[in-house]
Amino acid sequence: MFLYDFTELTSTIHAGLETTFGEGLLTTTIEFVIAGIVYLLFFAVFGLFAVYLERKVCAIIQNRVGPNRVGPYGLVQTIADFVKLLMKELIPINNSDRFLFNLAPFIVITATFLAIGAIPFAPGLQMLDFDIGILYVTAVSSLGVLGILLAGWSSNNKYSLIGAMRSGAQIVSYELSAGLSLMTIIVLAGTMQFSQVVAGQADLWFIFKGHIPAIIAFIIFMIAGTAETNRGPFDLAEAESELTAGFHTEYSGIKFALFYLSEYINMFIIAAIGTTVFLGGWQPFQIPGLETFNHIMWYCPPVLWFFLKAFALIIIMMWFKWTFPRLRIDQLLKLEWKYLLPINLINLILMATCVLLGWHF
Amino acid sequence: MNVIMFYILAAVILVCSVLTVTSRKILRAATYLMFVLIATAGLYFLLQVNFLAAVQLMVYAGGIVVLIIFSVLLTSHIEHQFELAAPSKSIPAALAAIAGAAICIASILQFDFTSRLAEQTTSPDIRQFGHAFLNYGDGGYVLPFEVISILLLAAMVAAIMIAKKNKQ
């Protein structure tokens with residue numbers, strides 16, 4: 001059953017390509033292209049579905065029906081929206097820095113592309129497995145902010161500039177919390193390699209293994225992750241009521257779509273990292289000792305487990321957005337530097353103590 | 001494959017380095033600098049020193065370039081362009097640069113790289129870094145590590161003092 005282990009599938013493809021094209025440059029290039037296309041397709045399909053999901057979740061929270069005209073339950077609505085977005089005119093802006101203006105969306109989307117490559121979706125379904133996996137993901141996801149800063153400045157618009165400044169301050173400070181909360185789990189796991197982090201949760205997920213410090217780290221990670229993706233209640237960078245649309249005010253058509261898509265992909269990356277590091281990745285829910293129960297849990301294939309958990313976290317993040325009012329910039333920075341960061345540092349020491357004294361499961 | 005990737009990365013580094021110093025718009029220069037730093041991280045990945053590559057991305061591309069762009073955003077206007085330097089300044093500068101490059105290239109060409117080629121070892125594990133940092137025995141780095149942390153702490157306190165000066 002290939003749903004349980006993708007190693008066989010990928011090695012079959014690899015062997016097939018090698019017999020056809022021979023070992024070497026051509027095979028490697030074709031494999032790169034295949035991997036790229038698979039991720040692009042995933043980006044597109046996930047983006048369409050996530051926008052639909054967001055509109056439905058928002059509608060349910062606001063006691064509305066949401067999209068319901070195009071297709072069954074409005075499922076085709078986002079495809080129609082996407083086609084509309086593609087057909088829109090790309091408006092050229094006078095007095096803008098044309099080169100940087102066009103470059104910015106691609107920096108943002110490239111950063112998400114780099115980050116998603118390291119995420120293990122299922123056994124054998126992972127592009128990069130570095131020994132520094134978690135550090136790598138935090139490093140490349142910090143590149144996205146450069147695109148936002150450039151977009152804000154090159155638009156030559158005050159709203160965009162203010163949005164970009166806010167976004168920069170926000171992402172740079174919340175990166176600390178996200179990194180430190182992941183560090184707490186690295187202390188428990190003893191490794192940064194994603195495959196080993198997942199393998200270490202085969203008997204019990206880290207959020208249960210590390211009990212109190214792990215749960216604190218998980219909550220902080222979700223808050224910091226929501227802030228890093230520029231989503232509400234931390235969406236100051238594009239606060240509609242004050243800045244029209246913040247850093248992407250001047251963008252239209254496909255370039256706007258890239259920003260829009262990257263927000264959802266970033267949300268998925270945060271949810272996927274949260275899933276992998278705290279909730280066992282593709283490992284099914286296991287309780288040590290209950291053999292029958294554990295066996296039943298394995299009937300659901302790992303890749304489904306992964307997406308189930310990731311979408312649960314995504315829905316929680318959407319719930320955040322439509323429930324809490326937007327923070328002010330000073331409240332935002334106060335939350336990070338005066339509350340989350342000290343709690344995180346104490347939590348890290350607590351986790352180290354737990355690990356040294358063996359107070360974990 | 002590795003050779004092709006090396007030449008692509010080297011070309012990016014060379015072209016963008018030249019553009020960094022020749023661009024007359026300051027934010028474009030910062031962007032080209034960012035490409036140089038990211039391509040350098042790519043070289044580290046190619047050499048399989050993943051930790052160094054990730055640190056390069058995090059500290060230089062994610063930290064220092066963000067800081068540079070941030071300060072440009074605060075200070076510079078979009079239509080501002082640097083004027084071309086007068087020939088009386090640019091010609092001596094060009095001569096000095098060419099002389100420096102000539103010395104560097106000459107000394108690099110004289111160096112015998114091929115006889116010093118070492119076997120490709122496995123890339124150092126992140127755990128080894130951790131143990132080396134906190135090791136106070138032979139080959140340990142705990143003293144420099146702590147000295148650097150104190151230096152960083154002093155820098156942070158100084159930054160807070162400077163920022164607070166006006167508010168008294």
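Helix α2(B) is made of 21 residues, and its first and last C-alpha atoms lie 30 Å apart, close to the 30 Å expected at 1.5 Å a residue. This structure is a predicted model. After α2(B) comes Q48(B), whose phi is positive, near 65°.

Chain B as a whole is divided into two domains: domain 1 covers residues 1-82 and domain 2 covers residues 124-168. The C-alpha centres of domain 1 of chain B and domain 2 of chain B are 25 Å apart.

Chain B also touches chain A, in a contact that takes 22 residues from chain B and 27 residues from chain A. On the side of chain B that touches chain A, α2 (26-46) and α3 (50-75) of chain B each supply at least two residues. The largest share of that side, 12 residues, comes from α3(B). Sorted by class, the side of chain B that touches chain A has 15 nonpolar, three polar and four charged residues.

The description now turns to chain A. The domain assignment of chain A gives domain 1, residues 1-87, and domain 2, residues 95-357. Taken over C-alpha atoms, the centres of domain 1 of chain A and domain 2 of chain A are separated by 20 Å. The contact of these two domains takes 19 residues from domain 1 of chain A and 23 residues from domain 2 of chain A.

Which elements give two or more residues to the side of domain 1 of chain A that touches domain 2 of chain A? They are α1 (7-21), α2 (25-61) and α3 (77-87) of chain A. The largest share of this side, 11 residues, comes from α2(A). By class, the side of domain 1 of chain A that touches domain 2 of chain A has 14 nonpolar, three polar and two charged residues.

Helix α2(A) also packs with helix α12 (residues 253-278) of chain A: their axes come within 9 Å and cross at roughly 90°. Because angles from 65 to 115 degrees count as roughly perpendicular, α2(A) is roughly perpendicular to α12(A). On the α2(A) side, the contact is made by F43(A), F46(A), G47(A), A50(A) and V51(A), while α12(A) contributes L261(A), Y264(A), I265(A) and F268(A). These residues divide into eight nonpolar, one polar and no charged.

The crossing of α4(A) and α6(A) is left-handed. From α4(A), the contact includes L100(A), F101(A), L103(A) and A104(A), and from α6(A) it includes G144(A), L146(A), G147(A) and I148(A). By class, the contact of α4(A) with α6(A) has 12 nonpolar, four polar and no charged residues.

The next helix to consider is α7 (residues 158-189) of chain A. Helix α7(A) has 32 residues and reaches 46 Å from its first C-alpha to its last, close to the 46 Å expected at 1.5 Å a residue. Residue G190(A), which follows α7(A), has a positive phi, near 75°.

The crossing of α7(A) and α15(A) is left-handed. By class, the contact of α7(A) with α15(A) has 18 nonpolar, seven polar and two charged residues.

Definitions and conventions. Residues are numbered from 1 along each chain as its sequence is written. Chains are lettered from A and ligands numbered from 1 in the order in which they are written. This is a predicted model: local features need pLDDT of at least 70, side-chain atom pairs count only at pLDDT 80 or more; totals for chains, interfaces and linings use all residues. A crossing is left-handed if the near helix is turned anticlockwise from the far one by less than a right angle, and right-handed if clockwise. Helices (H or I, at least four residues) and strands (E, at least two) are DSSP runs, numbered from the N terminus. Two residues are in contact if their C-beta atoms, placed from the backbone, lie within 7 Å. Ala, Val, Leu, Ile, Met, Phe, Trp, Tyr, Cys and Pro count as nonpolar, Asp, Glu, Lys and Arg as charged, and the others, Gly among them, as polar. The expected span of a helix is 1.5 Å times one less than its number of residues. Domain bounds come from an automatic or database domain assignment. Axes are lines fitted to C-alpha atoms, for helices over the stretch in contact, and angles run from 0 to 180 degrees between N-to-C directions. Angles under 35 degrees count as roughly parallel, over 145 as roughly antiparallel, 65 to 115 as roughly perpendicular and the rest as oblique.
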